[in-house]
Amino acid sequence: IRYTASAAVKVSREAEFGAWLMRTFDAEAANDAAATLRFDSLPAGSQVWLNGALLGEAAAAWGPTALDAAASLQADANRLAVRLPKGRRTPAFPRAFSALHPDGWKVLGGVALAVRPRQGFDRVMLQPDPRRKRLTISFRPSLAGEVHARVRDTANEATGAAPEMVIPLEGLDLWAPESPTLHTLELSLRVDGVLMDTVVFRFGLRDFTVRDGRFSLNGRPFPLRCAALSTAALVGMAPDDLRARFAAGKGAGFNALRLIGTALTPAALAAADEVGLLVFQALAPDPVPSAGEDARQMAARLVARDAHHPSLAAWEIDAGDVNAVKAAAWRDLFAGEDPSRIVAAAGPQIESRLPVSCARPYAKEAVPLDAVQLHLPTAPEPEAERCLGHAAEDAAMGAIASFGVGGLEIAD
C-alpha cells in the first residue's frame, strides 16, 4: 500500500487532530487467515481505521506499528484512514523533516497488508555463526509442526521444530563491506504432512563484536569510516535510488552509516546489505519508565523485522534526558530481544555526565561506552571531503570523527 504525494491519498484537517489521511485499496477477504496492517512509522497517538472500524493507536514513532485487521478486511474495495495527532514533534521527527513537511502530517516509510495462515510463521530470528558454520533459527511464538530449512543453491538443509533449530552452513562466503555476499534461506512449515506456510529471508554470514575496545568484524579489527544521515531523508526513495545513494557514500570512502531518527525501513536495510555498508541504527524512543509493555512489543516487532539483515551492526538508543536506570532499561530491552548485536545507551547522558554503556553480543554485563571506540578517527579522503562539502543540504551525509568521552563529533 503505497503512500505517495498523489490524489490517491486524501488529506482533511480538523481542529482536534492534525489531519486524516485516507485512501482505498483492493484486497481479498481474510477468511480464516491472519491479516495485519504494518506501518514502518506512525506518530504516537495516531489512530488507524479500516472500513469504519478503529483498529488501534500507534504507541510511538521510532518503530513499527502492527495492527490486527482480519475482522475488518473486506473483499475487493477497502477504505483505510489514519488520523494523525495535532502538532506532535517528537525526537523521531528531526528538524530536516519539518522543513520537508511543514504540517508534520506524514506516514514515514511503508504501509503493508500481510495476510498469512493463522497456523504459520510470525517472528523468526536468524543468528549466523561463521566460526561454527551454522545458523540458529528461533521461532516466536512457538509453532506446532515440522519446519524444513534450506539455503537455496547449496546443499545446506535441515528439518527441526520450534522453538529453535540449527542448520549447517558449509561452503558459504562471508558478508563484509568489501564483499557483501548474500544467501537465501527458505523455511516451510508442515502440520500432519500438510504445508501450512512458507517464508523466505536473505541473510549474510558475518560476526561482529567489540574486542579490546575496537569494533571487530569476522574475527579481525575493522576500522570504521562512518557517515551520519537522518532516516527522514530516505523516506519514499525507490530501491534503485537507495542503492545509488549508499553506493555514492561507499564510493566516497565510507564503510558504515549511522542512521538517526526512526528505524530504517526494510527496503533501505536491504540496499545496505547489497551495497555493503554497516548500519548503526540510532533510535530516539519516547522516555517511559523501565521501558513499558508498549515499548517492549514495539522493540520485539522491530528486532524481528530487521534482525536478518547482515548490514545492521548495532542498536544505539538515545533514551532522551532520563536517568541512568531508565537508559539501562532501554539497553537491556534491546539486548534481550537481539543478543547478537551491539546495543548502546547513548544521547544527552554524555552531556549530563550520566553513565553511557554498551552491551556486547552475547555478553551478560555491559561495559562503559567511554571504553569502546566504535567510530575510529580517520582523515577524509578527497572524495569524502567533496561529500562533506554538501553537509548543509537536508539529505547530505556527514562524517563522524569519533565516538568516545566526547560523544559523537561531526567532522568540520
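Leaving aside neighbours within four places in sequence, with which residues is Trp315 in contact? With contact taken as heavy atoms within 4.5 Å, the partners of Trp315 are Gln281, Leu283, Leu302, Val303, Asp306, Phe334, Asp338, Arg341, Ile342, Val343 and Ala344. The model is a predicted one, in which local features need pLDDT of at least 70 and side-chain atom pairs count only at pLDDT 80 or more, while totals for chains, interfaces and linings use all residues. Residues are numbered from 1 along each chain as its sequence is written, and side-chain values use heavy atoms, with hydrogens and water left out.

Trp315 also belongs to the largest nonpolar core, which has 37 residues; Trp62, Phe246, Leu283, Trp315 and Phe334 touch the most other members. A nonpolar core here is a set of buried Ala, Val, Leu, Ile, Met, Phe, Trp, Tyr and Cys residues joined through side-chain atoms within 4.5 Å; buried means under 20% relative accessible area, exposed over 50% and partly exposed in between, using a 1.4 Å probe and protein chains only. Two or more residues of this core come from each of β21 (226-230), α2 (239-251), β22 (256-261), α3, β23 (278-283), α4 (293-306), β24 (312-318) and α5 (324-337). A second, separate core holds 23 residues, among them Leu126, Ala162, Val199 and Leu205.

The axes of α2 and α3 come within 9 Å and cross at roughly 45 degrees, where axes are lines fitted to C-alpha atoms, for helices over the stretch in contact, and angles run from 0 to 180 degrees between N-to-C directions. The two helices are therefore oblique to each other, given that angles under 35 degrees count as roughly parallel, over 145 as roughly antiparallel, 65 to 115 as roughly perpendicular and the rest as oblique.

Turning to the backbone, most residues other than glycine have a negative phi, and most peptide bonds are trans. Asp76, in strand β7 (residues 76-84), has a positive phi near 70 degrees and is exposed, with a relative accessible area of 56%. Asp192 has a positive phi near 55 degrees; this residue lies in the loop between β16 (183-191) and β17 (194-203) and is exposed at 79%. The peptide bond from Ala162 to Pro163 is cis, with omega near 10 degrees, and Pro163 sits in the loop between β12 (157-160) and β13 (164-168).

Finally, Asn51 occupies the loop between β4 (47-50) and β5 (53-57) and is partly exposed, with a relative accessible area of 24%. Its C-alpha atom is separated by 6.5 Å from that of Ser72, 21 residues apart along the chain. Beyond four places in sequence, Asn51 is in contact with Ser72, Leu73, Gln74, Ala77, Asn78 and Arg79.

Key. Helices (H or I, at least four residues) and strands (E, at least two) are DSSP runs, numbered from the N terminus.
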